[in-house]
Amino acid sequence: MRNNLSLKEELWIAVKYGLVGALNTLVFTGSVFLFSLTGAGYMYYTAAGYLVAISFSFIMNMKFTFARFPGKVLPRAVKFLTTAATLMLMAERIQFVLIEKAGFAELIGIVTGMICYTAAGFLINRFWVFK
């Protein structure tokens, strides 16, 4: 499979990534809401939500978004999980800094972390994990 795609093809991949991301946001949000009911702190319930969402995201991106790029599942899973763990730690750090240090509301910190996670995640997944 060639790696040099047209702009139209790249945009379609980005749109599919966005669609998976929208569904993944629902999965994440629902998971976070349910885990928040346990009474755990935001660092714990958002981390649990990310773990659920990461699993969903890998399956959907492999089967839908990047399906045109064949590859072995295990190496991709390792790269994806490494990327996701790194991005999750980045998002958690952003949350911590914004909420604990800068005094922002939890929702603002969490949403900002999600946005950074998503933008960096697309680039890494497109050009490293599912290339």
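## Helix 2 beside helix 4

In this predicted model, helix 2, which covers residues 42–65, and helix 4, which covers residues 106–129, pack at an angle of about 30 degrees, with their axes 12 Å apart. An angle under 35 degrees counts as roughly parallel, and helix 2 and helix 4 are therefore roughly parallel to each other. The crossing in which helix 2 passes helix 4 is right-handed.

On the side of helix 2, the residues that meet helix 4 are Tyr-42, Tyr-45, Thr-46, Tyr-50 and Ile-54, and their counterparts in helix 4 are Glu-106, Ile-110, Gly-113, Met-114 and Tyr-117. Sorted by class, this contact of helix 2 with helix 4 comprises seven nonpolar residues, two polar residues and one charged residue.

## Helix 3 against helix 4

Helix 3 and helix 4 pack with their axes 8 Å apart, at an angle of about 155 degrees. Since angles over 145 degrees count as roughly antiparallel, helix 3 and helix 4 are therefore roughly antiparallel to each other. Helix 3 passes helix 4 in a crossing that is right-handed, and the residues of the contact between helix 3 and helix 4 divide into 16 nonpolar, seven polar and three charged.

## Helix 1 across helix 4

The axes of helix 1 and helix 4 cross at roughly 140 degrees and come within 11 Å, in a crossing that is right-handed. Helix 1 contributes Glu-10, Ile-13, Ala-14, Tyr-17, Thr-25 and Phe-28 to the contact, while helix 4 contributes Ile-110, Met-114, Thr-118, Gly-121, Phe-122, Asn-125 and Arg-126. By class, seven nonpolar, four polar and two charged residues make up the contact of helix 1 with helix 4.

## The buried residues of helix 4

Which residues of helix 4 are buried? They are Gly-109, Ile-110, Gly-113, Met-114, Tyr-117, Gly-121, Phe-122, Asn-125, Arg-126 and Val-129. These buried residues pack against helix 1, which spans 7–36, against helix 2, and against helix 3, which spans 73–101.

Several of these names return from the contacts described above. Ile-110 and Met-114, for example, are buried, and they take part in the contact with helix 2 as well as in the contact with helix 1. Gly-113 and Tyr-117 are among the residues that meet helix 2, and Gly-121, Phe-122, Asn-125 and Arg-126 are among those that contact helix 1.

When residues up to four places away in sequence are not counted, Gln-95 touches Tyr-42, Met-43, Thr-46, Tyr-50, Glu-100, Gly-109 and Ile-110. Among these partners, Tyr-42, Thr-46 and Tyr-50 in helix 2 also meet helix 4, while Gly-109 and Ile-110 are buried residues of helix 4.

Tyr-45, found in helix 2, is buried as well, with a relative accessible area of 12%. Leaving aside neighbours within four places in sequence, Tyr-45 is in contact with Val-32, Phe-35, Ser-36, Ala-40 and Glu-106. The C-alpha atoms of Tyr-45 and Thr-83, which are 38 residues apart along the chain, are separated by 20 Å.

Phe-64 is found in helix 2 and counts as partly exposed, at 34% relative accessibility. Not counting residues up to four places away in sequence, Phe-64 touches Lys-16 and Val-20. Phe-64 and Lys-16 are 48 residues apart in sequence, and C-alpha to C-alpha they are 7.5 Å apart in space.

Val-73, which lies in helix 3, is partly exposed, with a relative accessible area of 47%. Its contacts, once neighbours within four places in sequence are left aside, are Phe-58 and Met-62. Val-73 and Thr-46 are 27 residues apart along the chain, and their C-alpha atoms are separated by 27 Å.

## Confidence in the model

The mean pLDDT of the chain is 91, and 98% of its residues reach 70 or more. Within the chain, confidence is lowest in helix 2, at a mean of 90, and highest in helix 3, at 93. Where pLDDT is low, predicted coordinates should not be read in detail.

Key
Residues are numbered from 1 along each chain as its sequence is written. This is a predicted model: local features need pLDDT of at least 70, side-chain atom pairs count only at pLDDT 80 or more; totals for chains, interfaces and linings use all residues. Side-chain values use heavy atoms; hydrogens and water are left out. Axes are lines fitted to C-alpha atoms, for helices over the stretch in contact, and angles run from 0 to 180 degrees between N-to-C directions. Helices (H or I, at least four residues) and strands (E, at least two) are DSSP runs, numbered from the N terminus. Angles under 35 degrees count as roughly parallel, over 145 as roughly antiparallel, 65 to 115 as roughly perpendicular and the rest as oblique. A crossing is left-handed if the near helix is turned anticlockwise from the far one by less than a right angle, and right-handed if clockwise. Contact means heavy atoms within 4.5 Å. Ala, Val, Leu, Ile, Met, Phe, Trp, Tyr, Cys and Pro count as nonpolar, Asp, Glu, Lys and Arg as charged, and the others, Gly among them, as polar. Buried means under 20% relative accessible area, exposed over 50%, partly exposed in between (1.4 Å probe, protein chains only). pLDDT is the predictor's confidence in each residue, from 0 to 100.
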